[in-house]
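Visitor: Please walk me through this one. I'd like to start with the ground rules.

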Amino acid sequence: MSSMNRYSRLLPDADRAPSPAEQAAIDRSIRPVTDTRLRRAVFRISGGSMPWDEVILFGAPSPGVILKVGRRDRIMVVSSEVETWDQDRVDDETLAPDGEPDAGEFVWVTGVTVAATEAENAADDRDDERAARDRRREHLEARIRNLISGPVADREYPAADDPALARFGNLTVVPRRDRNFDGAIRIDPVNRQLWLQEYNGRDGDDWSVNNVPAWRVWRMPLTEERAALVADLRTEYELENWLEGGYDAETAAVFIAAGWSAIDKPMYMTGIRVGTPDEARELLARTPEQWRELGWDPYHGSYGPRFSPADAVRLGEAGITCHDAADRARSGHHSVEDILAARAPQIPATATRIHLVSKRSAWGTPFITDDPAAAQAYLDTHADEWDCLVVADDARILHADSTWSVCETTSGALELIAAHWHGDTARPDAGLSEPARDALTRLAAADHNKGLLADPALWSPVLTATHHHAERVDHYEHDSHRWSAEHTITRHQYTLANGTTLTWWQLDISEGGMVGGEGESYERTTLHTSHDSAKTAYLKARDEL
């Protein structure tokens with residue numbers, strides 16, 4: 001189905017009878033023919049000034065094709081012919097709308113009027129509605145230019161120190177066709193004023209004329225004519241804005257009656273769910289300030305659940321803010337009753353080692369401390385970690401660095417825990433040498449280190465290290481226009497107190513480049529107890545490039 005556009009036009013009806021071939025096409029029509037008079041139209045199908053997205057036909061349409069002509073009529077093609085015109089034959093006003101003569105190809109179509117389908121009539125109705133809407137909105141924009149944004153005699157430009165400028169940003173935005181704040185109109189019904197703001201903070205703008213940082217702001221009286229314009233703008237746009245925000249018409253009507261603007265709501269509502277008119281009325285029963293006092297207005301992102309106004313009030317009156325509720329939901333407490341009943345895990349006051357590990361991610365917050373009060377204070381203020389794994393026992397922390405700790409259990413076994421130190425108390429210090437701390441730091445930071453960490457026989461000898469020597473033994477670089485990589489094996493030799501040597505091989509992989517138009521990069525480090533193991537991983541990573 002094709003429709004008339006600015007690169008086509010109707011022609012006078014053909015003053016002749018159909019040819020035998022045309023009559024045969026008419027007789028084969030699967031649609032009722034409502035008028036047998038031959039109608040004619042011309043379509044531009046190519047030309048330098050014609051945008052590709054306005055091409056309707058790509059050649060002569062075959063007999064039987066249905067084309068839309070005019071506003072609602074359909075014709076069935078009975079014959080067509082393509083002609084190439086030079087510039088002298090082009091009609092500037094109808095087939096070159098930019099006003100410039102433009103040579104190109106044109107298809108001449110002859111057809112008869114046929115009945116439109118129910119779906120086509122519905123589409124025509126929608127087209128008519130859109131056209132009427134566009135005319136209304138263009139008229140509203142013209143009224144804005146005449147009464148507000150154009151040269152208006154009673155509009156004033158307040159000085160930068162005018163106290164009223166401090167509150168104009170809190171005034172309600174009046175909806176209009178352009179939804180950004182450049183050109184926004186704000187209404188102050190109490191003082192019977194309108195405000196117009198225009199952005200003036202771009203590079204090259206004269207910032208010295210701004211009366212608000214990055215903005216120029218004008219004030220004018222709210223006359224009867226302007227008040228009528230504001231009412232018409234709200235009638236035209238407000239419901240549509242609420243519907244586009246996901247609200248149904250009945251719920252939107254409650255907000256509109258309360259004077260709320262969908263594009264400039266007086267509170268964030270990111271933690272509150274409003275899906276019915278009753279819920280809208282429950283929300284409006286409290287002022288935005290009262291919601292803020294309950295802790296249910298601040299923006300908290302989109303990761304958390306949303307609660308009905310009634311449930312938000314229950315939680316707020318119990319001292320649980322929208323942030324708190326979202327954190328408790330992240331730790332597995334989803335219903336209002338569960339959130340109200342949830343409590344932080346309790347750390348035994350006699351514990352000498354407390355190790356917390358997040359359940360949600362390997363990159364969570366594992367931390368270790370010997371201070372039960374510090375661990376409890378952390379849990380009390382981090383409800384999103386209330387489902388973490390808590391290890392609180394009588395083990396003794398012998399030495400704690402920033403990212404690892406060496407511990408001794410009550411049975412005398414050694415354990416190496418990769419976790420950040422937490423708390424204000426001094427970290428236990430066993431006086432480990434710099435080479436020993438270097439080795440354990442590398443082990444704690446390495447990827448896939450659980451096997452090494454779990455076997456004290458592999459790492460405990462390094463506690464007596466007195467010397468460290470590092471040497472690069474394998475290196476590979478790859479660089480293309482889309483991806484680069486650098487793979488390195490470094491041999492680390494630690495001389496122990498008994499004179500023996502412990503050797504580890506560290507594989508560092510660094511890669512990055514463009515994938516699907518986006519930049520990506522990553523780094524990975526693994527430790528190996530043999531060169532063969534490191535070399536195998538090294539070659540595998542290189543083969544995967």
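Guide: Two strands pair if DSSP finds at least two bridges between them, and the elements themselves are DSSP runs numbered from the N terminus: helices (H or I, at least four residues) and strands (E, at least two). This is a predicted model, where local features need pLDDT of at least 70 and side-chain atom pairs count only at pLDDT 80 or more, while totals for chains, interfaces and linings use all residues. Residues are numbered from 1 along each chain as its sequence is written, and side-chain values use heavy atoms, with hydrogens and water left out.

Visitor: How many bridges join E19 to E20?

Guide: These two strands run antiparallel. One of the pairings puts glutamate 511 across from its bridge partner in E20, tyrosine 522. The number of bridges joining E19 to E20 is eleven.

Visitor: Which residue takes a positive phi in the hairpin of E19 and E20?

Guide: The hairpin has two residues between the strands. The phi in question is near 60°, and the residue that takes it is glycine 516.

Visitor: Which strands stand at the edges of the sheet, each with a single partner strand?

Guide: The sheet is open and has four strands, in the order E17-E18-E19-E20 with antiparallel pairing. An edge strand has a single partner, so one side of it is left without a neighbour in the sheet. That's the case for E17 (467-479) and E20.

Visitor: What does the twist average from one strand to the next?

Guide: Angles here run from 0 to 180 degrees between N-to-C directions, with axes being lines fitted to C-alpha atoms (for helices, over the stretch in contact). From one strand to the next, the twist averages 15°.

Visitor: Is serine 521 buried or exposed?

Guide: Serine 521 sits in strand E20 (residues 518-528). Leaving out residues up to four places away in sequence, serine 521 touches Glu511 and Gly512. Buried means under 20% relative accessible area, exposed over 50%, and partly exposed in between (1.4 Å probe, protein chains only). Serine 521 has a relative accessible area of 62%, so it's exposed.

Visitor: And serine 405, buried or exposed?

Guide: Serine 405 belongs to strand E14 (residues 404-408). Its contacts beyond four places in sequence are Ile368, Ile397, His399, Ala400, Glu415, Leu416, Ile417 and Trp421. With a relative accessible area of 0%, serine 405 is buried.

Visitor: On to charges: how many salt bridges does the count come to?

Guide: The rule asks for a side-chain nitrogen of Lys or Arg within 4 Å of a carboxyl oxygen of Asp or Glu. By that rule, the count of salt bridges comes to 41.

Visitor: Which residue forms a salt bridge with arginine 137?

Guide: Arginine 137 is buried, at 9% relative accessible area. The pair links distant parts of the chain, helix H3 (residues 118-149) and helix H4, 103 residues apart. The closest N and O atoms are 2.8 Å apart, and the partner, partly exposed at 23%, is glutamate 240.

Visitor: What separates glutamate 289 and arginine 292 along helix H7?

Guide: Their side chains meet in a salt bridge at 3.3 Å, N to O. Glutamate 289 is partly exposed at 45%, and arginine 292 is too, at 38%. They're three residues apart in H7 (residues 288-294), so the separation is about one helical turn.

Visitor: Where does glutamate 138 find its salt-bridge partner?

Guide: Glutamate 138 is partly exposed, with a relative accessible area of 37%. The closest N and O atoms of the pair are 3.5 Å apart. The partner, itself partly exposed at 43%, is arginine 145.

Methods:
Contact means heavy atoms within 4.5 Å.
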